[in-house]
Amino acid sequence: MTDYVLDQHERPMKDLRISVIDKCNFRCTYCMPAEIFGDDYKFMPKDELLSFDEIIRLVQIFSKFGVEKIRLTGGEPLMRKDLHELVARLNDIDGIKDIAVTTNAVFLVKQAKKLKEAGLNRVNVSLDAIEDEVFQQTNGRGIKTSPVLKGIEAARDAGLDIKINMVVKKGMNESQILPMARYFKDTGDTLRFIEFMDVGNHNGWNMGSVVSKKEIIEEINQELPLVPLDANYFGEVASRYRYEGSEAEIGVISSVTDAFCSSCTRVRLSADGKLFTCLFASEGHDIRELLRGGEPDEAIISNLIKIWTRRDDQYSIDRANGKPTKKKIEMSYIGG
C-alpha cells in the first residue's frame, strides 16, 4: 500500500523529475546562454553523475511514497549514453505508471524506437519557433527546425505520445505563437506554451519579457477559436484548451501570471544527486552522499520524509506578492 507523504501545504509527492546529465547541444538564451556556457565551461565529470543503479534505487524508494510519474531531463538527457537501458529498468518498478523524457528531439531520429521499446510513454519536445530564422536565434547554435521536426516524426513513428513545449519570450519569439498553433493543430501532438520564467540567474528575466497566458490565448482565439477544458488530474500544470470543432488541444503553463504552487506535486533530482523541492530553489539536499556513504534504505526514507514534510515552497506565489527572491539554481542543472 502506498503511503502518501504531505508537505506543509497538504501537497502529496507524485512526480519525480530526474536530471541525468548537465550537458546540452543547444544554448537556448533562457536556459544555457552561450556567453555563460561557452566552449570552456566545465561540466560534471562522469563520476559525479548518479549511476543508473543509484537512480533505480532511489526511484524504488520514491515509489513507496506515491511517486507515479518519472520525467528524465537534463541538459539534454539523450546525451546520456544508453538512456534506453535506464528507461527499461524504470519501467520494471512497481507503481511507476508514466515515464517521459524532455528533449530538444535532435537525437530522437536514432533513439526513439529503442526508447519506446524500453517502455518510454512520452517525449516533451522543446521547440520555441517553427520558422528557421527565429529558431536559429533562440537555440544559440544556428540549428534549423528540420532536425527537431525529424526527431518529432521519429517519435510519432515509434508510437510515443508527444507534447511540444514553446517558451514564449517577448522580443524573442512571440511572433511564433500563431505559426506554431497552425503547424501543430492537426498533427495529433499537444502544443504547450510556457510563460518565460525567472529560473536561474543568467537569463535576463524581467516581467516586461513575459507574454502572459491571457495574451497567448487571446491571440490564438482570434484566428483559431478555443474552448477551455477541465484539468485531467490534481497538479496538472497546464491550463487546457480545445480548438473549436476539433479534439486537438493546446495548453498554457503560466507560473508567472497564474501561479499553480498550491497543487505542485513535483520533486526534482539533479544529475549529481541533490534533491530540490522547487524549480526556483536556492539549495538542494545531498542524497548522493547517503547513497555512496552506505546508508540503508531506511535512513534514506527517513531523510526524504523529513525533507518533504517540511516543504513549504511556493515561490511563484511569493514572487507575485512582492517577496524578495534569492539566488536560484540554474535550469540546466536541475532540468525543467
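**Helices, sheet and cysteines in the predicted model**

Helix 5 (residues 146–158) is 13 residues long and stretches 18 Å from first C-alpha to last, close to the 18 Å expected at 1.5 Å a residue (the expected span being 1.5 Å times one less than the number of residues). Helices here are DSSP runs of H or I with at least four residues, strands are runs of E with at least two, and both are numbered from the N terminus. This is a predicted model, in which local features need pLDDT of at least 70 and side-chain atom pairs count only at pLDDT 80 or more, while totals for chains, interfaces and linings use all residues. Residues are numbered from 1 along each chain as its sequence is written, and side-chain values use heavy atoms, with hydrogens and water left out.

Which residues of helix 5 are buried? They are Val148, Gly151, Ile152, Ala154 and Ala155, where buried means under 20% relative accessible area, exposed over 50% and partly exposed in between (1.4 Å probe, protein chains only). Looking down the axis of helix 5, these buried residues fall within an arc of 160°, so they line one face of the helix; the arc is taken from the directions from the helix axis to the C-beta atoms. An α-helix has 3.6 residues a turn, so residues three or four places apart point the same way. Over on the other side of helix 5, Lys150 and Asp157 are exposed. The cover over the buried residues includes helix 3, strand 4, helix 4 (132–138), strand 5 and helix 6 (177–184). Just past the end of helix 5, glycine 159 takes a positive phi of about 90°.

Twelve strands form an open sheet in the order 7-8-9-6-5-4-3-2-1-10-11-12, with mixed pairing; two strands pair if DSSP finds at least two bridges between them. Strand 7 (226–228) and strand 12 (285–286) sit at the edges with a single partner strand each, so one side of each has no neighbour in the sheet. Strand 4 (residues 122–126) is mostly covered, with four of its five residues buried. Valine 125 of strand 4 is the bridge partner of threonine 103, and in strand 5 the bridge partner of valine 125 is isoleucine 164. Strand 3, helix 3 (residues 108–118) and strand 4 make up a right-handed β-α-β unit; right-handed means that, with the strands pointing away from the viewer, the path from the first strand over the helix to the second runs clockwise.

Helix 2 (residues 83–91) has Leu83, Leu86, Val87 and Leu90 as its buried residues. They cover an arc of only 100° around the axis, which puts them on the same side of helix 2. Helix 1 (52–63), strand 2 (69–73), strand 3 and helix 3 are included in what covers them. In the loop between helix 1 and strand 2 lies glutamate 68, whose C-alpha is 5.3 Å from that of lysine 97, 29 residues apart along the chain.

As for cysteines, the disulfide count (sulfur pairs within 2.5 Å) comes to zero. Cysteine 261 is in no disulfide, and its nearest cysteine sulfur, that of cysteine 278, is 6.6 Å away. Cysteine 261 counts as buried at 10% relative accessibility, and cysteine 278 is buried too, with a relative accessible area of 11%.

Notes. Contact means heavy atoms within 4.5 Å.
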